[in-house]
Amino acid sequence: MMINKRLIGTVRESKKYIAGNVAMQWCSLAANIAMMTAVTGLLASLYDKTAEKGSVFVTALIAVIALVIRFICTTLSSRMGYLSSRSVKKTLREKIYGKLLRLGASYNEQVKTSEVVQVAVEGVEQLETYFGAYLPQFFYACLAPLTLFVYLCFVNVPCAVVLLVCVPLIPVSIAAVQTWAKKLLSKYWVQYTALGDTFLENLQGLVTLKIYQADGFKNEEMNHEAEKFRRITMKVLAMQLNSITIMDFIAYGGAALGVIMAATQFRAGNVTLSGCLLIILLSADFFIPMRQLGSFFHVAMNGMAASDKIFGLLDLPEPAGKTGCFPEDYGILCDNLRFSYGGNSSDEGLPSGKGDSGEGTSSDREREILHGICMEFPQGGFVSIVGESGCGKSTAAAVLMGRNQGYGGSVKIGGKELKDIKEAELMKNITYISHQSYLFKGTVRENLLMGKPDASDRELWEVLERANLAGFLKSEGGLDALLMEKASNLSGGQRQRLALARALLHDSPVYIFDEATSNIDVESENDIMREIHALAGQKTVILISHRLANVTVSDNIYVMDAGKVAESGSHEELLEGDGIYAKLWNTQQNLENYGNIQDGYQDGHSAGAEGRVRGKGGAAV
């Protein structure tokens with residue numbers, strides 16, 4: 001009952017602690033039997049007036065020794081439970097972490113981050129009770145009644161048999177609600193993870209919700225999810241309360257039946273007074289272990305539901321073993337590249353999500369983002385990808401980084417298929433810089449050393465100089481300047497320049513800049529673009545940008561439209577072609593020229609106002 005062999009096998013180290021816990025509880029029971037035997041013997045002798053002078057002292061000594069043994073056993077039992085729980089948390093969290101590492105950067109294609117967090121934290125905590133309390137109690141609850149039965153058979157067989165027969169009624173009642181409880185707790189965990197997912201998303205987007213005053217709507221959404229969670233929680237509590245009531249009735253009823261049997265047997269002369277008292281005192285011990293098992297049952301059931309989630313994560317399919325190393329020739333060639341969110345793109349070019357027949361539905365085709373694109377990124381070349389928002393630029397970059405798995409067609413680096421190259425090799429040799437590169441809470445030094453753990457302070461300052469951030473940081477505490485979460489104490493441009501410095505320190509042969517200058521000030525944009533141009537020729541540089549002024553010096557420019565490569569060529573060639581690129585270029589130039597005219601008007605207006613003030617008062621105010 002509730003013995004998950006796979007779970008126990010997964011945490012093998014806990015077995016010795018569970019066995020030790022059971023042994024300590026059994027020793028405590030044996031000490032209690034010895035103490036009760038001595039006490040009832042003394043009471044019977046006092047009643048019969050046959051007690052000797054030293055019997056009280058001997059009984060007291062036995063009681064003291066038994067209490068000391070029980071104290072030691074209880075302490076050691078708790079210690080064993082703690083060690084078992086610790087090994088469970090350590091082992092399972094290591095396995096979850098290892099699984100995520102094996103899944104790689106594309107893990108979130110198969111599982112939500114919020115679910116991983118909940119399973120790794122709350123789910124493992126629930127299994128702590130399963131291993132630390134439920135399993136030891138399960139084995140002890142089986143051993144204790146048998147021990148008492150054997151011992152009481154020497155006192156009175158009928159009483160021992162009746163008590164033993166009543167004990168299984170508790171696990172029977174547990175088993176009766178187990179199926180119902182399992183389904184209920186499964187729904188509980190589904191709702192729990194859904195609530196956690198909604199909460200995490202709203203928390204991360206809280207600033208945006210406040211800006212657009214949409215927090216009220218999201219508050220109602222959270223209330224709706226919380227109400228659903230409250231209802232399922234109340235159902236779980238009601239189920240627990242009902243089953244506990246049944247177990248209490250059986251336990252106390254069984255103990256009362258033992259008392260009645262003892263009194264009946266004593267009246268019939270089938271048991272001595274000391275034996276009668278001993279049966280009365282020990283009858284509750286027949287049921288207490290099983291009753292305690294019942295109290296752990298519901299927590300253990302929750303742990304079982306959590307284990308289903310944990311094994312669901314651990315059983316996720318992993319990418320096939322990759323053995324390929326990053327080639328010395330790191331030119332990249334994409335041939336008929338296709339990608340669909342929600343599944344793997346087939347080699348025949350059909351979108352993902354199809355059955356064995358290979359026929360995709362219209363919705364499958366709508367989900368395909370990249371439609372057979374062909375691109376080439378020569379070693380040491382500077383190639384840009386441009387296009388309107390949603391055309392597939394960032395999706396293509398994610399495929400090149402190995403974050404989007406299951407693409408169709410071919411992506412080769414130096415003649416080696418991307419799928420065959422180890423992820424560690426890709427991470428080592430390809431550096432990806434997005435418009436929201438993550439900076440961790442800590443010092444500037446700690447964030448930079450992620451790019452090169454053995455870098456010297458001189459190297460750190462060199463990349464900061466290149467990112468035009470050294471002067472600012474020297475006035476703010478240097479390399480030991482503290483950053484808040486997501487470096488929120490820096491401006492957007494400073495954050496992006498610090499991310500650039502870390503990327504430069506990584507010094508990989510391939511760099512992918514995905515809208516790295518988006519939503520930052522002009523000065524920071526110029527600093528970043530200067531370094532991108534400096535890298536070109538030394539490294540393979542792939543620049544994804546919505547601002548065409550940044551890509552004009554590229555060796556080649558790919559223009560994407562609706563998931564396809566619509567045009568390619570140099571800046572001059574694309575302008576001469578008078579296609580999509582030329583239209584985008586003209587539109588952006590008109591907007592920028594309009595902005596310059598407006599700025600000139602504002603400057604002229606300000607200058608005129610200043611002159612008028614000077615004319616009246618002689619000095620600028």
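Q: Which residues have the most contacts inside the largest nonpolar core of this predicted model?
A: They are Ile 96, Leu 127, Tyr 130, Phe 131, Leu 152, Phe 287 and Ile 310, in a core of 61 residues. The element that gives the most to this core is α4, with 15 residues.

Q: What makes Leu 7 and Ile 310 contacts of Leu 127?
A: Contact requires heavy atoms within 4.5 Å. Neighbours within four places in sequence aside, Leu 127 is in contact with several residues, including Leu 7, Val 88 and Ile 310.

Q: Why is the pair of Phe 138 and Phe 139 called edge-to-face?
A: Rings pair if their centres lie within 6.5 Å, and planes over 60 degrees apart count as edge-to-face. The centres of Phe 138 and Phe 139 are 5.3 Å apart and the planes stand at 85°, so the pair is edge-to-face.

Q: Why does Phe 138 count as buried?
A: Buried means under 20% relative accessible area. Phe 138 has 13% relative accessibility and therefore counts as buried.

Q: What links Tyr 130, Phe 131, Tyr 134, Phe 138 and Phe 139 into a cluster?
A: Ring pairs link these residues.

Q: How do you know that the charged end of Lys 419 sits over the ring of Tyr 407?
A: The distance limit is 6 Å from the ring centre, and the charge must also lie within 35 degrees of the ring normal. The charged end of Lys 419 is 4.6 Å from the centre of the Tyr 407 ring and sits over that ring.

Note on methods. Residues numbered from 1 in each chain as written. Predicted model: local features only at pLDDT ≥ 70, side-chain atom pairs only at ≥ 80, totals over all residues. Heavy atoms only, no water. Phe/Tyr/Trp six-rings, centres within 6.5 Å; stacked < 30°, edge-to-face > 60°. Buried < 20%, exposed > 50% of the residue type's maximum accessible area, 1.4 Å probe, protein only. Core = buried A, V, L, I, M, F, W, Y, C linked by side-chain atoms within 4.5 Å. Helix = DSSP H or I, 4+ residues; strand = E, 2+ residues; numbered from the N terminus.
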